[in-house]
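Dear colleague,

I am handing over the structure below, and after it you will find my notes on what turned up when I went through it. Please read them alongside the coordinates.

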Amino acid sequence: MATMELKGHDDKLWDWPLQGQDGVVRVHEDDKHFEVGLDATYFTAKDISVKVINDLIQINLEHEIRNDKFGSVTRAISRCYHLPKGVDPKTIKSNLSNNVLFITGQKK
């Protein structure tokens, strides 16, 4: 699975294909931490991988082919984002709750 880096983006906005009408997610941050919630409908915790590579966060969601009465369905999302300035990469945590993938981190 290939990933791509977003260039020239605003650290306060991330594009996300499952995120409603415009696909834009707002990053919430203050002096001490940041948090973003990404719609992960159709995926389970075992389908999700979140990795930190230097100041980038790599997010991969993929599930196996699922068959239903209409045919087969597979979904895959892969994105890389720059962490907001000042976020300590060692503090990044992810949690799936109610179909939302929450990613949080502490500021240095």
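In these notes a residue is called buried when its relative accessible area is under 20%. Trp14, with a relative accessible area of 1%, is therefore buried, and Phe34, at 0%, is buried as well. Please keep in mind throughout that this is a predicted model.

**Aromatic pairs**

A search of the whole structure finds two aromatic pairs. In one of them, Trp14 and Phe34 form a tilted pair, with 6.5 Å from centre to centre and 55° between the planes; because Trp14 lies in strand E1 (residues 13-15) and Phe34 in strand E4, this pair ties together parts that are 20 residues apart in sequence. Trp14 also pairs with Tyr81, and here the arrangement is stacked, at 4.2 Å centre to centre and 5° between the planes. That pair links distant parts of the chain, since Trp14 belongs to strand E1 and Tyr81 to strand E7 (residues 71-82), 67 residues apart. Both Trp14 and Tyr81 are buried, and the ring pairs link Trp14, Phe34 and Tyr81 into a cluster.

**The sheet that contains E7**

Strand E7, which carries Tyr81, is also part of an open sheet of three strands, arranged in the order E5-E6-E7 with antiparallel pairing. E5 and E7 stand at the edges and have a single partner strand each, so one side of each is left without a neighbour in the sheet. From one strand to the next, the twist averages 10°. Strand E6 (residues 56-68) and E7 run antiparallel and are joined by 11 bridges, and within this part of the sheet Ile59 stands opposite Arg79 in E7.

Asp47 is placed in the loop between strand E4 (33-39) and strand E5 (48-53). Leaving aside residues up to four places away in sequence, Asp47 touches Tyr42, Asn60, Leu61, Glu62, His63 and Arg66.

Technical notes. Residues are numbered from 1 along each chain as its sequence is written. This is a predicted model: local features need pLDDT of at least 70, side-chain atom pairs count only at pLDDT 80 or more; totals for chains, interfaces and linings use all residues. Side-chain values use heavy atoms; hydrogens and water are left out. Helices (H or I, at least four residues) and strands (E, at least two) are DSSP runs, numbered from the N terminus. Contact means heavy atoms within 4.5 Å. Rings of Phe, Tyr and Trp (its six-membered ring) pair if their centres lie within 6.5 Å; planes under 30 degrees apart count as stacked, over 60 as edge-to-face and the rest as tilted. Buried means under 20% relative accessible area, exposed over 50%, partly exposed in between (1.4 Å probe, protein chains only). Two strands pair if DSSP finds at least two bridges between them. Axes are lines fitted to C-alpha atoms, for helices over the stretch in contact, and angles run from 0 to 180 degrees between N-to-C directions.
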